Each structure stands twice: as structure tokens, then as C-alpha cells.
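This briefing is meant for a reader who is meeting the structure for the first time. Please look over the sequence and the model, and then follow the points below, which are grouped by topic.

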Amino acid sequence: MSVLRNLEEKIAGLVEGTFSRVFRSEVRPVEIARRLAREMEEHKSTSLARTYVPNEYRVFLSPRDRERFADYEEALASELAGYLLEHARGERLTLVSRPVVSFETAPELGLGEFGIQTRVVHPPEEPAAEPAVSPPPAPVPEPTGRTMVHSAADRVAQPLKERAQARRETGVLLFDGKRLVVGSGGVTLGRSRECEVVVDDPNVSRKHAELRPRGGSWVLTDLGSTNGSSVNGRRIDAPTVVKPGDEIEVGSSVMTFELQ
């Protein structure tokens with residue numbers, strides 16, 4: 001049984017059969033666990049002999065999502081900390097102490113979004129019974145000072161400050177010699193005449209992909225197409241943030257994304 005599957009079953013036990021009802025919103029404990037593990041790996045610091053990772057993880061939730069977790073928060077934090085400890089051991093990563101996971105409310109987050117901030121916290125030193133003769137410990141990373149905001153629904157992340165300052169801009173697709181404006185509602189790409197952007201390409205599915213603004217970014221999502229979608233030549237298997245100048249490929253058709 002996978003570690004994540006085992007974690008999900010443990011958390012399900014905590015809420016006594018109400019797992020799917022209580023966590024019906026986009027924020028789910030297993031999704032938080034995956035993101036925590038990813039944040040751990042993205043904030044590694046390597047010394048001569050060891051690879052250190054953060055041991056404190058602050059999870060920010062919208063007021064409504066935090067309320068959903070309220071009755072199980074302490075037990076959930078413990079399970080998530082245990083998962084991080086097991087993940088670190090499996091990847092041979094060094095923690096200065098057992099990982100700690102805590103939850104906080106962030107009013108600026110919307111339902112289904114959560115933020116993660118990591119840092120290294122040194123445990124208090126105990127008085128030595130005799131003069132220390134061992135060499136000083138290896139350096140460990142300082143606090144990152146950045147909170148990454150994730151949408152569990154579409155797996156998009158960006159710094160919290162950038163999200164708060166993001167401007168609402170109109171997207172543009174440069175395709176087949178045309179300049180197609182993409183409004184705030186986004187567009188669907190495909191062969192079907194029901195799509196906002198019709199792509200006359202036999203390699204394109206009827207409803208192939210969609211491009212929509214989410215959380216201050218523009219996100220491309222493949223809609224289960226036969227031939228897949230790519231960004232800058234790399235096939236995507238999850239919703240992906242696109243930036244000005246990126247090339248979007250659906251079927252054998254290529255278009256460029258810009259902002260105006």
C-alpha cells in the first residue's frame with residue numbers, strides 16, 4: 001500500500017466515515033501531503049555529508065476551509081508530520097528535529113486554495129554536562145520567507161505576494177495569422193463549433209483543451225484529448241500555468257499566448 005493511500009485511510013478514520021463529506025471542497029488532506037513533500041524537496045540545502053530540509057510547515061487555509069478542518073486539525077497535523085518524517089527518511093533527507101505542521105487562516109485565500117510556508121527551526125540547546133568537544137553542526141537553510149499558494153483543484157502555485165498584486169489582464173492567442181482575444185471567462189479550444197476557439201485540425205479533439213485565468217495566472221488544461229496538449233514543446237498531464245510568449249500546441253496546431 002502506498003504511503004499516501006495509507007495516510008488517506010488514517011485520516012478517513014479520524015473523521016469516522018465522513019471523509020468525503022467533510023473534505024468535499026477542493027482542499028483535501030492527501031493533496032496537502034503531496035504539496036508538503038514537494039515543498040520539502042524544493043527547499044533542500046546540501047552540506048558536505050547531508051542534505052537538510054525544513055522542519056516547520058505552516059499551512060494557510062481560507063476561512064471556510066479552515067472551519068472544515070477545525071474538529072480534526074490537531075490529529076491531521078500529527079498525521080501530516082508523520083508522513084513528512086517518513087518521506088524524509090525514504091529520500092535520505094536530514095531534519096534538525098521532527099517536522100511540525102500547523103494550520104493558520106488567511107482571509108485573502110479563496111475556497112479550495114491553500115498556502116504553504118517552510119522554514120528551519122533549531123531546537124533549543126540543552127545545557128551540556130561537560131564541555132562540548134564535538135565539532136559544530138553543519139549549516140542548515142534559513143527560513144524561506146515565501147508562502148506558496150496552491151489550488152488543489154488545478155495544482156497551480158505562485159508566491160502569495162505576487163498573487164495579491166497580480167493584475168487582471170486580457171489574454172491573446174496568436175494563431176493562424178489571427179489575434180484572438182481571450183476574456184476573463186477564458187476559452188475552450190477544439191474542433192467543435194461550440195468551442196470559443198475553433199481549430200480546424202484533424203489531430204485536435206472536439207473539445208481539446210481550455211485556457212482560463214485562475215489565481216492571478218493563466219492556466220492551460222487538457223480536456224482528455226486524444227493527442228494531448230503541450231506548452232513550449234513539453235506535453236502537459238496537469239493544468240499548467242502559461243506565460244506571455246509561451247507556445248501552446250494542440251494536435252499539430254501551434255499558437256502563441258500573449259497578454260494585453
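A residue counts as buried when its relative accessible area is under 20%, as exposed when that area is over 50%, and as partly exposed in between. By this rule Lys-207 is partly exposed, because its relative accessible area is 45%. The model is a predicted one, and the protein chain has an average pLDDT of 77, with 72% of the residues scoring at least 70.

**The chain as a whole**

- The protein chain contains 6 helices and 18 strands, and 43% of its 260 residues count as buried.
- Among the contacts in the protein chain with a separation of 6 or more, 61% are made by residues 24 or more positions apart.

**Confidence in the model**

- Confidence in the protein chain is lowest in helix H2 (residues 19-22), where the mean is 36, and highest in S17, where it reaches 96.
- Over residues 11-25 the pLDDT is below 50, and this stretch has 27 contacts in the model beyond near neighbours in sequence.
- The pLDDT is also below 50 over residues 138-146, a stretch with 22 contacts in the model beyond near neighbours in sequence.
- Where pLDDT is low, the predicted coordinates should not be read in detail.

**The sheet of six strands**

- An open sheet is built from 6 strands in the order S9-S8-S18-S17-S14-S15, and its pairing is antiparallel.
- Strands S9 and S15 stand at the edges of this sheet with a single partner strand each, so one side of each is left without a neighbour in the sheet.
- Within the sheet, strand S17 (residues 247-250) and strand S18 (residues 253-259) pair in the antiparallel sense over 4 bridges, and Ile-248 has Met-255 in S18 as its bridge partner.

**The sheet of five strands**

- Another open sheet has 5 strands in the order S11-S10-S12-S13-S16, and here the pairing is mixed.
- Its edge strands are strand S11 (197-198) and strand S16 (240-242), each of which pairs on one side only.
- Strand S13 (residues 217-222) and S16 run antiparallel and are joined by 3 bridges, while Val-219 has Val-241 in S16 as its bridge partner.

**Two loop residues with positive phi**

- Asp-176 is a residue other than glycine with a positive phi, near 55 degrees, and it is found in the loop between strand S8 (171-175) and strand S9 (178-182).
- Asp-176 is exposed, because its relative accessible area is 63% and the cut-off for exposed is over 50%.
- Asn-232 also has a positive phi near 55 degrees without being a glycine, and its place is in the loop between strand S14 (229-231) and strand S15 (234-235).
- Asn-232 counts as partly exposed, because its relative accessibility is 47%.

**Salt bridges**

- Side chains of opposite charge can pair when their charged atoms come close, and the structure holds 7 salt bridges.
- Arg-35 forms a salt bridge with Glu-31, in which the closest N and O atoms are 3.6 Å apart.
- Because Arg-35 and Glu-31 are 4 residues apart in helix H3 (residues 29-42), they are separated by about one helical turn, and both residues are buried.
- Glu-31 and Arg-35 also belong to a network of salt bridges that links them with Arg-34.
- The side chains of Glu-56 and Arg-119 meet in a salt bridge at 2.4 Å, N to O.
- Glu-56 lies in strand S3 (residues 56-61) and Arg-119 in strand S5 (residues 113-119), so the pair ties together parts that are 63 residues apart in sequence.
- In this pair Glu-56 counts as buried because its relative accessibility is 16%, whereas Arg-119 counts as partly exposed because its value is 36%.
- The side chains of Glu-194 and Lys-207 meet in a salt bridge at 3.5 Å, N to O.
- Glu-194 lies in the loop between strand S10 (187-190) and S11, and Lys-207 in the loop between S11 and strand S12 (209-214), so the pair ties together parts that are 13 residues apart in sequence.
- Glu-194 counts as exposed because its relative accessibility is 61%, while Lys-207, at 45%, is partly exposed.

Key: Residues numbered from 1 in each chain as written. Predicted model: local features only at pLDDT ≥ 70, side-chain atom pairs only at ≥ 80, totals over all residues. Heavy atoms only, no water. Pairing = 2+ DSSP bridges. Buried < 20%, exposed > 50% of the residue type's maximum accessible area, 1.4 Å probe, protein only. Salt bridge = Lys/Arg side-chain N within 4 Å of Asp/Glu carboxyl O. Contact = heavy atoms within 4.5 Å. pLDDT = per-residue confidence, 0-100.
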